[in-house]
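Good morning. I will talk about charged side chains and aromatic rings in one structure. Please have a look at it first.

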Amino acid sequence: QVQLVESGGGLVQAGESLRLSCLASGSIFSILTMAWYRQPPGKQRESVAAITSSGDTNYADSVKGRFTISRDNAKNTVYLQMNSLKPEDTAVYYCNAPGRWPLNRAYWGQGTQVTVSS
């Protein structure tokens, strides 16, 4: 079982930056693929970025060049550095451990609110 706890959300102005953190419990963090999702108001949850155990990353087109996902296996933590934030980045951001080996189901954090004012 994996528990995920996000932190770092808040209210910022357009153009500013935020860094989200997701602390994972358990001893298998280093071999997990980890991801960030977001759910804008009134919309469906969408993928933002993912990072494999070997450090390979991928991003949604809407955040490429502005967001960076990284991980610190010694701290069981995955980060999402968000630069040049836009009002359309406003959403609840969720940390995710996908339901793939060695996990038999997906795990989600409770979410953290990011609000970007224009």
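One term before we start: a residue is buried under 20% relative accessible area, exposed over 50%, and partly exposed in between, using a 1.4 Å probe and protein chains only. By that rule Tyr94, at 13% relative accessibility, counts as buried.

A word on the source. This is a predicted model, in which local features need pLDDT of at least 70 and side-chain atom pairs count only at pLDDT 80 or more, while totals for chains, interfaces and linings use all residues. Residues are numbered from 1 along each chain as its sequence is written, and side-chain values use heavy atoms, with hydrogens and water left out.

Now the charges. A salt bridge here is a side-chain nitrogen of Lys or Arg within 4 Å of a carboxyl oxygen of Asp or Glu. How many salt bridges does the structure hold? There are 4.

One of them joins Glu46 to Arg38, at 2.7 Å from N to O. Glu46 is partly exposed at 31%, whereas Arg38 is buried at 4%. Arg38 also meets Asp89 in a salt bridge, at 2.9 Å from N to O. Asp89 lies in the loop between β8 (77-82) and β9 (91-97) and Arg38 in strand β4 (residues 34-39), so this pair ties together parts 51 residues apart in sequence. Strands are DSSP runs of E, at least two residues long, and are numbered from the N terminus.

Asp89 is buried too, with a relative accessible area of 0%. Arg66 forms a salt bridge with Asp89, with the closest N and O atoms 2.7 Å apart. Through shared partners, Arg38, Glu46, Arg66 and Asp89 are joined into one network.

Next, the rings. Rings of Phe, Tyr and Trp (its six-membered ring) pair if their centres lie within 6.5 Å; planes under 30 degrees apart count as stacked, over 60 as edge-to-face, and the rest as tilted. That rule gives 2 aromatic pairs. Tyr37 and Trp108 are edge-to-face, at 4.9 Å centre to centre and 65° between the planes. Tyr37 sits in strand β4 and Trp108 in strand β10 (residues 107-108), so the pair ties together parts 71 residues apart in sequence. Trp108 is partly exposed at 35%. The rings of Tyr94 and Trp108 have centres 6.4 Å apart and planes at 85°, so that pair is edge-to-face. Tyr37, Tyr94 and Trp108 make one aromatic cluster.

Last, charge and ring together. A charge sits over a ring if NZ of Lys or CZ of Arg is within 6 Å of the ring centre and within 35 degrees of the ring normal. The charged end of Arg45 sits over the ring of Tyr94, 3.7 Å from its centre.

Key:
Helix = DSSP H or I, 4+ residues; strand = E, 2+ residues; numbered from the N terminus.
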